[in-house]
Amino acid sequence: MSFCRLNGQCELGGGAGIKKERTGPFSILSIPPELLDQIISDLSVKDVVMLGQTCRYFHEFCSNEAVWKRISRKLSPRLNTEETAEGSFWKRASILNYTKGLFFQTFGGRRKTVSRTVAPHLSHGYRKFIPTKDNVFILDYSGTLFFLKNALVSSTLGQIQWKRACRYVVLCRNVKDFATDPRNDTIYRKYLYVLGTRDIPPLVTQDPSDSTHTCDCVEVYLQSSGQRVFKMTFHSSMRFKKIKLVGQETERSLLLLTDDGKIYSLTINETQLDQPRSYTVQLSTRKITKCLPHITISEVHSNQSSALYITDSGAVYLEVHTAGVYRDLFGTLHAFDPFDQQIPLALALSSKVPYLKRPVDIWCGLNHSLVLSQASDFSKEIHGCGCGAGGRLPGFPKGSAFFVKLYVQVPHCSRLLCSTRECLYMLSCYDISDVLVFRELPSTKARTQGSESEMEGSRMCAHYLSQLEDCGSLGEQMEKMKDIINQMGLCSYQKDFLQEAISALQRSTGGAVALSARDSAL
């Protein structure tokens, strides 16, 4: 069957020789809905989303779950469909698997481009990842933890690259969360702690119709081989959703966040995990839950000597376990109690840096910090400050005392970042069900902090002018101006324009100087 248009008429040719005349131009509205569904299903996820933004008619077609089901089947044929009760399950699944990716940029060598890693294609999106000394672990949205073995290798030129022939295995399933040594140096990450749900056989006294029931447990794996070396099981009434580690290896504390926002902890000796023996550990309520039972904790973050809790209302509490860290944070040891290190300290949040208005993720290292932020045009940028040795701040080898935009090509759907000695990792995956974590300040506070930020901005501009005045020549001033533009809170397109403009001025100024020198010689 074919269409032929002659002199404003549409002729339908077929075996029966049927002809149909059309006086006006062909309209896409005349396409049968079943055929239009099939056409839209053959588009890419990006094209379907863009088509749904054109008009109300196409928005209805592009929101049809039958269309997204066919698209999702092409992207991930082995996707488990037990969760299809959710209204937008197939659309969410399609976008998760279309935007998933793990990218990295190496710090050493001559190449400074972002590369895509070899990652498991059978995963249902990427929710979380942790790089260790030898491998990378990725958790997907279906609770499957993947183990990428021997992923990074050294090339003949001495730079780190992703091994294309690397293999991955499924470490375990039904995983809720996982964690490792809280220090940012991967050489300390010997064990991987996995919080998951496991089926246990029924007791004799239970209802015979109840064949199995589940309980939460923590399993410990060697990061080098993926071998399980330890397992602890909790009572079926205890349900947890997140796990974090804190403390030294000999006295490692596990922080467990329950579904109702309470914190429990237990302590183990990590150096004895490889010894085959059985013993009982005590699970106790953390002091923040004892002292403040009315609050609901939604997020937990930790490092070796402190833990930070964020409530559902946005309040922040901090535990400090060493005198040195307490002094660095508060400048005094007046209220520090070495015998009661779990006392929760309420923190007053100061105003954020003006040009980091929409942070997506934050990574803090020993000597430098990184922020993944969203620009005004919805593109992603990475800003960093601190030490730049070893290439850890791309584009700023000498480091920076202020947050500057790094020379990194950030994927559009990036949501997590992590820095190691060798490279910078960026995890990309977009979840349409995510709630924006960042919230604008109330108008009264915004006005107050707006005046403070303006004063801070004027002081910074005065500092930049003094730096320009200290330059010995016009060329040095232009190079310094390029550095200043990178440090200012401008949009990406504004920075690019100013950088190009200064480069053009440098070229024209160089030509004028050459002409002046030639005229003087003549």
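Let's begin with a pair of residues: Leu148 sits across from Tyr168, which belongs to strand S10. Keep in mind as you look around that this is a predicted model. The strand to find next is S7, covering residues 145-149. S7 and S10 run antiparallel, and five bridges tie them together.

Now widen the view to the sheet. It is an open one built from four strands, and going across you meet them in the order S5-S6-S7-S10, with antiparallel pairing. At the edges are strand S5 (128-131) and strand S10 (167-172), each of which has pairing on one side only. From one strand to the next, the twist averages 20°.

Is Ser265 buried or exposed? Its relative accessibility is 6%, so Ser265 counts as buried. What surrounds it? Leaving aside residues up to four places away in sequence, Ser265 touches Leu254, Leu255, Gln282, Leu283, Ser284 and Arg286. With Arg286 there is also a polar contact, side chain to side chain, at 3.3 Å.

Our last stop is Arg183, found in the loop that links strand S11 (175-179) and strand S12 (191-200). Arg183 has 17% relative accessibility, and because buried means under 20%, this residue counts as buried too. Again setting aside residues up to four places away in sequence, Arg183 touches Tyr188, Arg189, Glu249 and Gln304.

Methods: Residues numbered from 1 in each chain as written. Predicted model: local features only at pLDDT ≥ 70, side-chain atom pairs only at ≥ 80, totals over all residues. Heavy atoms only, no water. Pairing = 2+ DSSP bridges. Helix = DSSP H or I, 4+ residues; strand = E, 2+ residues; numbered from the N terminus. Axes fitted to C-alpha atoms, helices over the stretch in contact; angles between N-to-C directions. Buried < 20%, exposed > 50% of the residue type's maximum accessible area, 1.4 Å probe, protein only. Polar contact = N/O pair within 3.5 Å; in protein donor to acceptor, adjacent residues only side chain to side chain. Contact = heavy atoms within 4.5 Å.
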